[in-house]
Every structure is written in C-alpha cells, then in structure tokens.
Amino acid sequence: MSVNEAPPTPAPLGLPDVGGPRQPLLDAAGLTCHFPVRGGPFTARRVVRAVDGVSFSVGKGEVLGVVGESGCGKSTTARLMVGLAPLTAGKIVFDGRQLGEDLTLTALRLGAQMVFQDSYASLNPRLTIEDSIAFGPRVRGVSPADARALAHDLLKRIGLDPARFAGRYPHELSGGQRQRANIGRALAMKPRLLILDEAVSALDKSVEAQVLNLLADLKADHDLTYLFISHDLTVVRYIADRVMVMYLGEVVEIGPAETLYRNRAHPYTDALFAAMPSMDPDNRTQTPPLTGDPPNPIDPPAGCRFHTRCAFAESVCGAREPALAAVAGDAAHLAACHMLEPGSGHSKARAA
Amino acid sequence: MSGLVEIDALTVRFGGERVVHAVNGVSLSVAKGEVLALLGESGSGKSVTLKALLRLLPEGRTTIGGALRVDGRDVLTLSGRALADYRGGEVSMIFQDPALALDPVYSIGEQIAETVMRHEGASRAQAMARALEMLTKVRIPSPERRLRAYPHELSGGMRQRAMIALALACRPKLLLADEPTTALDATVQMQVLLLLRGLQREMGLSVIFVTHDIGVAVEIADRVAVMYAGQIVETGSIREIIHDARHPYTRGLLAANLHGAVKGARLDAIPGAPPSLETPPAACPFAPRCAQARDLCRAGPPPVATPGPGRRVACVLETAAP
Amino acid sequence: MAAVTDFAVPSEARARGYWAGVWRRLRRDPAALVCAGVLLALALGAIFAPWLGLADPYQGSMIRRLKPIGTPGHLLGADELGRDMLARLIYGGRLTLFLGIAPVVCAFVIGTTLGLVAGYLGGVVNAVIMRTTDVFFAFPSVLLAIAISGALGAGIVNSLVSLTIVFIPPIARVAESVTASVRALDYVDAARASGASGFTIVRVHVLGNVLGPIFVYATSLTSVAMILAAGLSFLGLGVRPPEPEWGLMLNTLRTAIYVNPWVAALPGAMIFLTSLCLNILSDGLRSAMNVRQ
C-alpha cells in the first residue's frame with residue numbers, strides 16, 4: 001500500500017500553505033481564558049483564570065509538547081485553538097492570518113483539529129466509525145459518497161482495515177482502535193495542525209507505543225504539525241521537538257526538548273522531571289520533589305504563582321510576577337523565574 | 001515455606017450475558033512485610049485477582065476455583081461475621097479513585113472512626129483519637145481541622161491520603177492497592193508512593209500493588225509478578241525483572257517503555273492486542289503476538305520454569321534446549 | 001503501515017447496532033414479554049372489535065340488568081342498563097388505550113423538543129423554558145388535568161389536550177437533563193470543532209443518544225395517562241355516556257357494587273391490568289437499555 005498516493009482533496013477541505021516553511025504555523029500571543037464561577041446572586045463574582053497570558057509559537061512540521069499538572073490550563077489552551085473555549089483576550093495567528101481579522105473561526109477549524117483522550121465519550125456510540133469520520137467532511141459539503149471514500153482511505157492509513165472496521169460501533173473496538181478512530185476523525189478535515197490532548201494517556205503502554213509509531217508515520221505522510229499535550233514527561237520527551245511547561249495558567253518555561261531536559265531552568269520543571277519514577281531499583285527516589293497539591297486556578301497566589309511550593313521562594317517572589325526571559329543567553333530557551341533575571345532582587349540572581 | 005498470602009491455581013470466571021475467563025490459574029505467594037507488584041495491562045486479570053482476595057467480586061455470576069489463603073485462613077469459605085471481620089481488619093484495600101471510595105456524606109474523621117469502632121470495639125472518643133493519629137501519619141496538613149472535613153473539600157492528593165489512612169486504621173496485615181496512583185499528577189504520585197513505602201516499612205505491612213506502570217513498580221515493589229490474559233507469565237525480584245527479563249511479554253513491556261527510547265527512532269511496539277477471554281486459553285496466550293513463537297507454544301500451555309529461588313517464567317523458550 | 005491485528009470481537013457484540021441489542025435483551029425478559037403479549041392482545045381486540053362478533057355495546061335491555069358473570073350470551077355479565085359487559089370492555093379499551101397513549105405521544109414530541117432546545121443552548125433560553133415548565137410542574141397532575149378539562153369542557157379532544165399539557169413538563173425536564181449531560185461529552189465537542197451547526201449536531205449526535213432514556217420515561221407515563229383519563233371520565237369531564245370507556249363505566253357501575261360487585265369491579269380490573277402491564281414493560285425496557293456493552 002503506497003502512502004504517497006492520497007486521493008485528491010475535495011475542494012472544501014484543508015487550508016493551503018500561505019506563508020512558506022519559515023513562517024510559524026501557529027503564533028499565540030497573550031492568550032487569556034477566564035471562566036466565570038457560577039455562584040449564587042449573593043456571592044462575589046469570581047473567575048477561574050484557566051489561561052492567563054500564554055504566548056508561544058509552533059513552527060511548521062514541528063512537535064510542541066505541552067506539559068503540566070491538573071489545573072495548569074493546557075487543555076483549555078488546546079480548546080482555544082479550535083474555538084471550543086471562549087477567548088477572553090489575546091490573539092491567535094494561523095499561518096500569518098489572525099483569527100478575527102483575516103481568518104474566520106470556520107477557516108481556523110479547517111487548519112487545526114483536535115484529538116481527544118480516549119474514553120467512552122470520545123466517539124458517538126450510535127454512529128459507526130465510518131460515519132463518525134465522515135461527519136466532518138459532510139458538514140463541509142462533501143458528498144456522502146466522497147466522504148465515505150475519504151473515510152475508508154483514512155481507515156486504511158490509520159491501520160484499521162475498512163472491510164472489517166468501517167461498519168463497527170465504538171463499543172466493538174478496543175481502546176487503541178478507538179483512539180485510532182479518533183485520530184482518523186481529526187484527520188478527515190485535512191488539518192495542518194493536529195492538537196493531541198492527552199491522546200495516549202488512557203492507553204496501555206504497549207498500545208501507546210503502537211499509536212506513537214502511527215503518529216510519527218502520519219506526520220511524515222501528511223506534512224503535519226503537532227501540539228502534543230500530556231502530563232507524561234516520558235512521552236513528551238520522546239515525541240516533542242520543543243517543550244512548553246505550564247503552571248496554573250501560565251507558561252513557566254519553553255525551549256528545545258533536549259535543552260530543557262539537560263538544563264532545567266525553572267524549579268517547577270525541575271520538580272516535574274524529578275517526579276518521573278526511577279527505572280533503577282537500586283536508585284529509587286528518596287524525597288518527593290514537591291510537596292502539596294497543585295493550587296486552585298480560581299485564586300492563584302500573588303506574584304509568581306509557583307512561589308507557595310517553591311524551595312527557593314523569597315519575598316520578591318510573592319511580590320512581583322517574573323517575566324519570560326532567555327536562559328543563559330539562549331533566545332530559544334525561555335523561563336519565568338526571578339532567579340534567572342539579573343537585578344530582580346532574588347539572592348540567587350546575578351546583579352543587574 | 002508459606003507466606004502471608006498463598007494463592008494456588010486461582011481461576012475466576014464471570015458468567016451472565018458475556019462469559020469472561022478473567023483469571024486462568026494464578027499461583028503466587030507474598031511473604032510477611034513484602035511488597036509484590038502485579039504488573040499488567042488492561043484485561044490481564046490483575047484487578048480481579050486483587051478483588052478476589054477480599055471477596056469483592058459479584059457473588060451471583062462469579063465462579064471462583066482454586067485456593068486463596070491469607071495467614072493460613074481459607075478466604076473462599078469465609079462468610080458473615082468472619083468475612084466482615086476479615087475485611088478491613090486483616091486485609092484492606094485502596095482504590096484508584098478516592099472520590100468513589102469515600103462516602104460523600106460523612107466527614108473523613110467519622111469514616112475512619114467508624115471502622116475502628118467496628119473492628120476493635122473502641123469508644124467514639126478513642127476511635128476519633130486513632131483517626132487523628134492516622135491522619136497525622138499520612139501527613140495531611142492540619143489534621144485536627146481535616147477530621148471534620150468532607151471528601152469534596154479535599155484535593156485529589158489529600159483524598160488519596162485520607163483513603164490510605166482509612167485503610168490502615170485497624171492495622172491490617174495485608175494492604176491491597178488497586179492502581180492508587182494512576183489518576184494522580186506526577187508530583188502527587190511520587191509523594192503518595194513515598195508515603196506508602198514509608199508506612200509499609202514502619203508497620204511491617206505486606207502489600208500487593210496492582211499497576212500498569214513499570215516505573216511505579218520499581219519505586220514501590222520488592223518482587224514483581226507480570227500478568228497477561230489472566231495468567232502469571234513471569235515472577236521475580238524487581239532487579240531480576242528489570243535487568244534480566246526472560247519472558248517475551250515482559251521484554252516487550254520494557255521495550256515499549258519510553259525511558260530509554262531514542263527520539264525519532266521507531267518504538268518496539270508489541271503488535272496486536274490481548275485475547276478476549278471468552279474461552280480459557282488452551283495454549284500460551286501470548287503466542288499470537290510473540291516474535292519468537294514456535295509450534296510448541298500453540299500446542300499446549302507453556303511449562304513453568306524456575307531458573308532461581310522465587311523466580312518463575314512460563315515460557316517454552318526457558319526450558320528448550322539452547 | 002502495518003494493519004492492526006484484530007482481537008476476536010466478542011460474539012455478543014457482533015449484533016449490529018444499539019437497538020438490536022436492546023431488542024435481544026428484551027426478548028429474554030419473561031415478565032416484559034408476557035406483559036407485551038397482554039397489551040398486544042388488548043390492542044388487537046380494541047382495533048378489531050367490530051369484527052369479533054360481539055354484542056352491540058350500546059344495546060341495553062331492562063330485563064338483563066346486572067346479570068352475573070357467566071350468564072349464557074353474556075360472558076362477563078351485563079351492566080346497569082343491560083348492555084353486554086364483554087363488548088363494553090373491549091370497545092371501551094379503544095378509548096381508554098387511545099387516551100392513555102395519544103397524549104403521551106404528543107407530549108413526547110413537544111416535551112422532547114423543548115428539552116433539547118433548553119439543554120443544548122443553555123443560558124437564558126434554558127432558564128426561560130425550564131422555569132416555565134416548573135410552574136406547570138408545581139401543580140399535582142390530577143388537579144391540573146381537572147382544571148384544564150374543566151376550563152375546556154368535557155369531550156375526548158379536550159381530554160387529549162388537557163392530558164398532553166399535564167405531561168409536557170416532566171418529559172421536558174428529563175429531556176433537558178439528558179441533553180445537558182450528552183452535550184458535555186467529547187464527541188459533541190469534536191462535532192463542534194468540525195464546524196457543524198447546532199441543528200446538525202443535535203440531529204446527528206445528540207438526538208440518537210437522548211431519545212432512549214426519554215422514551216423509557218414516557219412509556220412509564222402511559223399508565224398514569226390512562227388512569228388520569230379514566231379519572232376524568234369518572235368525574236364527567238372526559239368521555240360522555242353512552243360511549244364505553246373504562247373510567248366512565250366505573251362511575252356508572254358505582255351503585256351496582258352492592259348488587260353485583262364482580263361486574264362492577266371489572267372496568268377497574270381492566271385499568272389495573274393494563275396499567276400494570278405498561279409499567280412492567282417500561283421497566284423491562286429500561287433494564288434492556290441500561291446495559292453497557
């Protein structure tokens with residue numbers, strides 16, 4: 001089976017490349033998403049500051065990994081990209097075109113699609129997977145016959161033989177097969193950017209390996225860019241070119257994967273890496289890297305949001321929020337920590 | 001030499017609309033003060049084995065065969081008051097989702113006190129004191145205040161600690177842990193694992209820890225039993241399993257683990273999927289996916305080789321002539 | 001790219017589709033099957049009544065008043081005007097069953113639409129629709145039916161309208177709650193992310209998944225509807241004499257209870273039997289739909 005003979009893209013699908021290979025595919029600046037908390041009429045209005053001023057860019061053909069714990073806002077960031085969450089402030093620029101200006105939400109959804117975490121709720125239990133995959137194209141006006149052919153072709157590419165799997169319902173598939181169907185559904189819209197929100201987290205390790213291999217193949221064949229969200233650092237380290245670490249709605253560190261792994265600038269990144277279980281029985285972890293639980297995004301701590309759990313916190317950390325700054329002069333590697341900012345007032349920072 | 005837990009040729013079959021042979025001949029033993037990890041993926045039968053030890057499987061449609069002994073007592077014949085004493089008193093369990101294990105309408109202090117009063121006949125005041133002692137032991141911050149807290153007022157990590165406090169309140173001999181850290185964030189998971197390790201050493205508990213994550217097994221276990229399709233395919237100490245895995249499935253699991261993976265290289269994934277257990281496996285259940293399978297593997301059940309003390313491998317290749 | 005080797009799909013799961021599975025499980029439920037059979041017999045009897053060779057249900061005879069059960073020519077006796085009970089009961093089944101099922105069907109259509117809209121759109125629309133239905137829901141159903149029937153007057157059509165209005169709020173409530181929970185699921189989000197309009201999403205993704213629970217709830221309302229209709233007729237607000245209808249028959253045979261209690265109890269027994277069968281069938285349907293495959 002040759003994977004290079006794709007059937008011609010039906011006209012209403014896909015978004016052609018506009019800016020060329022050096023223009024970032026996605027450029028997000030100051031993304032903010034605040035949800036109001038439903039209180040009674042007598043309580044004060046509170047907001048969940050799920051995402052607060054997040055900026056990053058994703059180059060074409062790159063894999064950006066997003067890591068963080070619960071409440072950090074990575075899933076909300078993903079949903080902002082496909083218009084499933086309200087954008088309180090900030091701009092999204094897709095291949096040089098800004099959402100709201102020269103890019104409509106409909107067009108953005110042609111360029112970016114999302115793969116959800118596998119669960120019983122990720123696929124409509126009443127539709128066959130063929131119909132689930134064909135739904136997107138049908139919405140765009142592709143004829144039923146063409147949509148079906150597209151779905152069958154995709155099923156082949158994701159490793160599910162159409163003859164056996166096309167007419168199956170989600171409950172007749174295993175977890176790994178369902179996740180492949182999820183990926184197929186996202187690819188049916190011919191996106192350029194695929195956002196994978198904990199796409200392999202619910203799978204067994206052996207199935208996870210299969211799906212990761214599949215993702216690598218699909219990326220090469222379809223010229224895709226990935227935004228890979230996960231809480232599992234080992235997976236992110238394997239698959240990502242660059243990594244972005246989020247904490248409580250903000251970006252704390254971002255940079256090339258290997259640089260981040262070898263030279264962790266932010267204390268939280270350090271703690272996350274240290275929290276990975278050891279693989280050497282003679283060298284087990286002896287002290288927990290971090291105490292306490294991730295705090296609530298409704299009332300984030302003042303100043304640096306991490307200072308309540310940070311081993312290096314000082315008074316300046318509670319007073320002022322650190323800005324993302326280059327680490328050791330490397331413009332590709334940024335971290336938001338007072339310890340790295342010269343003249344910030346922190347005892348470990350260099351003098352200005 | 002008999003350990004605290006002796007499981008001998010355990011089989012569990014679920015009847016009803018869909019017949020599932022969840023466990024097909026599991027034999028293992030756990031010594032006093034030892035931590036055994038039951039490692040396997042979904043459908044391997046590890047959770048079912050655990051629940052069988054506490055007789056938590058649905059009585060109506062479950063058929064259990066084989067022998068289950070804890071501290072010399074036959075678990076399968078317990079009933080009524082003896083069973084109620086056994087559960088929580090001698091053996092207790094912690095679950096994956098603490099929100100489901102804690103009753104939402106009672107404070108955690110009340111829940112812990114209730115089990116102490118039931119098992120040890122203590123007064124309410126004594127039971128509450130023990131509850132406070134347990135909450136302090138599991139290092140919940142401000143334990144006096146948390147005694148009166150309800151489960152929904154606690155964060156995920158604290159609920160998990162509260163559940164551990166509840167399980168250990170009556171000083172059981174055996175703790176069963178059914179993937180208690182799977183749903184937790186990485187940093188919280190490490191805290192809970194270290195807590196469990198510390199408590200286990202301090203109280204001399206035996207623990208059977210079910211997990212699908214090899215890293216977790218490394219952090220917590222002394223010995224590991226790898227399960228597949230309701231059978232144990234390999235047993236050994238954690239060092240033996242990590243450094244010298246013999247069974248092709250164990251090797252496959254270790255290879256699929258991403259710790260040593262090279263970026264950009266293709267992963268060594270085990271092809272295919274586990275068998276659906278409508279009928280008990282007649283031959284080696286892993287043979288359809290095994291790269292080294294031979295005709296002998298499909299002919300009958302694999303022989304169990306014992307290359308060392310406490311070390312068992314259910315594979316034809318172990319006993320074959322080199 | 002290697003194709004995934006398949007694991008053996010459990011044979012039960014090979015039956016296509018969800019409703020096929022429901023039907024299969026229902027077939028294995030003896031109580032539900034018996035009740036379905038009884039209801040079917042009643043329904044067929046009601047539909048084919050004119051061709052069953054029964055006596056004229058309107059033809060009375062003063063001599064034959066309140067003849068007991070088993071009288072030759074009157075298998076189930078005769079009522080207070082000498083009309084054949086068997087004929088009256090079977091013809092009466094037509095109206096009672098109609099008034100039990102038709103309002104529920106109408107309320108199902110209207111209530112589901114309201115609930116779907118409220119559940120999917122949320123916000124202000126939800127608040128307006130649900131609070132309005134709450135007002136109606138606050139009245140006990142019997143009182144509400146009587147009030148509306150009293151205002152509209154007696155008669156079959158008015159009974160139908162009155163009962164429909166009574167049943168719209170509970171169905172709308174169930175529909176709204178089920179729709180809201182389905183709307184929160186990932187596959188609906190995926191459909192939104194593909195740019196589908198709200199109407200398309202509801203039609204393709206939401207409707208199929210919510211109709212089931214609402215339908216089961218609605219079937220449990222049919223027995224209530226039947227009893228309410230019989231009650232309305234009993235009070236003179238529904239069907240008018242000389243139409244045979246079980247509730248009305250209960251009323252007119254009231255005084256006969258001292259003379260021939262067996263005959264007087266017959267319409268009540270029919271109401272009870274039908275209501276019981278509807279409830280058991282509805283229960284069986286709910287269990288058949290509940291099993292997670």
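The model is predicted: local features need pLDDT of at least 70, side-chain atom pairs count only at pLDDT 80 or more, and totals for chains, interfaces and linings use all residues. Residues are numbered from 1 along each chain as its sequence is written, while chains are lettered from A and ligands numbered from 1 in the order in which they are written.

Chain B holds 13 helices and 12 strands (DSSP runs numbered from the N terminus: H or I of at least four residues, E of at least two). Its radius of gyration is 21 Å, close to the 20 Å from the globule rule for 322 residues, so chain B is as compact as a globular protein of that length (C-alpha atoms; 2.2 Å times the number of residues to the power 0.38). Buried residues make up 48% of chain B (buried: 20 or more other C-beta atoms within 10 Å of the residue's own; exposed: 12 or fewer; C-beta atoms placed from the backbone).

Turn to α2 of chain C, residues 30–47. Its 18 residues should span 26 Å at 1.5 Å a residue, and the end C-alpha atoms are 25 Å apart, which agrees (expected span: 1.5 Å times one less than the number of residues). C:A32, C:C35 and C:L42 are buried in α2(C). Down the axis, the buried residues fall within an arc of 95 degrees, so they line one face (directions from helix axis to C-beta atoms). The face turned away carries exposed residues, including C:P30 and C:I47.

Finally, the contact takes 32 residues from chain A and 34 from chain B (C-beta atoms, placed from the backbone, within 7 Å). α7(A) gives the largest share of chain A's side, six residues.

Definitions and conventions:
Contact = placed C-beta atoms within 7 Å.
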